[in-house]
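Biologist: Hi! Could you put the model up and walk me through it?
Modeller: Happy to, here it comes.

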Amino acid sequence: MGKDLAERFPAAREVFGAVDEALGAALSRIMFEGPDEELTATQNTQPAILAHSAAVFAVVGEKVEGAVAAAGHSLGEYSAYVTATALTAPEAAKLVRKRGALMQKAGEERPGTMAAVLGLATKEVEAACQEASQQASLAVAANINAPDQTVISGDPEAVARAGEACKKRGAKRVIPLKVSGAFHSPLMGPARNHLQLALEKAPFADPVFPVVANATAEAVKDAGRARRLLSDQLTAAVRWVECMQQAARLG
């Protein structure tokens, strides 16, 4: 992962080296050489994806003229802030490593799951989740990826009930996802609280162009708002359809 990029472009090598130094670990070695079991470990996956995204932008960024906005899906929102120079790649890598560990812990404390619903309007999916949720077991729309493609998240029993309700409402398919927790749902509440503290300490700058926030689809222009929405993102839906609509308006 990223080995060819590092071999061909000094700017990419510089990013990988800076991330390694910030993390105090040879993440790039794991990315380039594996093994896969180590690369897919929670503490490595999120910073590896972030580092790769930042390395790609370090190579092509000079050719991107007149950028008016950036957006990224879930973890990708951190990469978007790197492109907008609100965060450096090393600082972002430290944050997402913390984020991954907190998400893993929250998933262990209250196990959850996710499922992709295909071929059903978002409003119908949301209604199915509400129908399936109970006081101690809930399901929510977590990733609104397209008008007819939504990922649901929550307690396993509620997600199963919501999936069946979606099928009855006409969904073409409901696909269980292999995840370690109910991401972008209220089950990530403990992770959100701890991540907020880490974000408050991180050296954030105002982005040089707006970053479209997953949680609200608003164009974020200041560091304080960015910090708040990145923590909110853990328990809120990724409103990707609205994010793309906002990006189109900005562009």
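Modeller: One term before we start: contact here means heavy atoms within 4.5 Å. Also, keep in mind that this is a predicted model.

Biologist: Noted. How is the chain divided into domains?
Modeller: Domain 1 covers 3-107 + 187-248, and domain 2 covers 112-180. Those bounds come from an automatic or database domain assignment.

Biologist: And how far apart do the C-alpha centres of the two domains lie?
Modeller: The C-alpha centres of domain 1 and domain 2 are 27 Å apart.

Biologist: How many residues of each domain are in contact with the other?
Modeller: Ten residues of domain 1 touch twelve residues of domain 2.

Biologist: Let's move to the sheet. What's the strand order?
Modeller: The order is β3-β4-β2-β5, in an open sheet of four strands with antiparallel pairing. At the edges sit β3 (139-146) and β5 (173-177), each pairing on one side only. From one strand to the next, the twist averages 25°.

Biologist: How many bridges join β2 to β4?
Modeller: There are six between β2 (residues 113-118) and β4 (residues 149-154), and these two strands run antiparallel. As one example, Leu118 has Gln149 of β4 as its bridge partner.

Biologist: Which helices pack on that sheet?
Modeller: One of them is α8 (residues 122-132), which touches β2, β3 and β4 and whose direction makes about 165° with that of β3. Another is α9 (residues 156-168), touching β2, β3, β4 and β5, with its direction at about 150° to that of β4.

Biologist: What about β3 and β4, how do they pair?
Modeller: In the antiparallel sense, over six bridges. Asn143 stands opposite Val151 in β4, and a hairpin of two residues links β3 to β4.

Biologist: Switching to helix pairs. At what angle do α5 and α6 pack?
Modeller: Helix α5 (residues 42-60) meets helix α6 (residues 76-83) at about 30°, and their axes are 9 Å apart. Angles under 35 degrees count as roughly parallel, so α5 and α6 are roughly parallel to each other. The crossing of α5 past α6 is right-handed.

Biologist: Which residues make the contact?
Modeller: From α5 you have Leu50, Ser53, Ala54 and Phe57, and from α6 there are Tyr78, Ser79, Val82 and Thr83. By class, the contact of α5 with α6 splits into five nonpolar, three polar and no charged residues.

Biologist: And α10 with α11, parallel or antiparallel?
Modeller: Helix α10 (residues 189-201) packs with helix α11 (residues 223-232) at about 155°, with the axes 9 Å apart. Over 145 degrees counts as roughly antiparallel, so that is the label for α10 and α11. Here too there is a right-handed crossing, of α10 past α11.

Biologist: Which residues make that contact, and how do they fall by class?
Modeller: On α10 they are Arg192, Leu195, Gln196, Leu199 and Glu200; on α11 they are Arg227, Arg228, Leu230, Ser231 and Asp232. For the contact of α10 with α11, the classes come to three nonpolar, two polar and five charged residues.

Biologist: Last topic, the backbone. Where is the cis peptide bond?
Modeller: The cis bond joins Gly34 and Pro35, with omega at about 5°. Pro35 is in the loop between α3 (27-33) and α4 (36-39).

Biologist: And what is the phi of His184?
Modeller: His184 has a positive phi of about 55°, although His184 is not a glycine. You'll find His184 in the loop between β5 and α10.

Note on methods. Residues numbered from 1 in each chain as written. Predicted model: local features only at pLDDT ≥ 70, side-chain atom pairs only at ≥ 80, totals over all residues. Heavy atoms only, no water. Axes fitted to C-alpha atoms, helices over the stretch in contact; angles between N-to-C directions. Parallel < 35°, antiparallel > 145°, perpendicular 65-115°, else oblique. Left-handed = near helix turned anticlockwise from the far one by under 90°. Nonpolar A, V, L, I, M, F, W, Y, C, P; charged D, E, K, R; others polar. Pairing = 2+ DSSP bridges.
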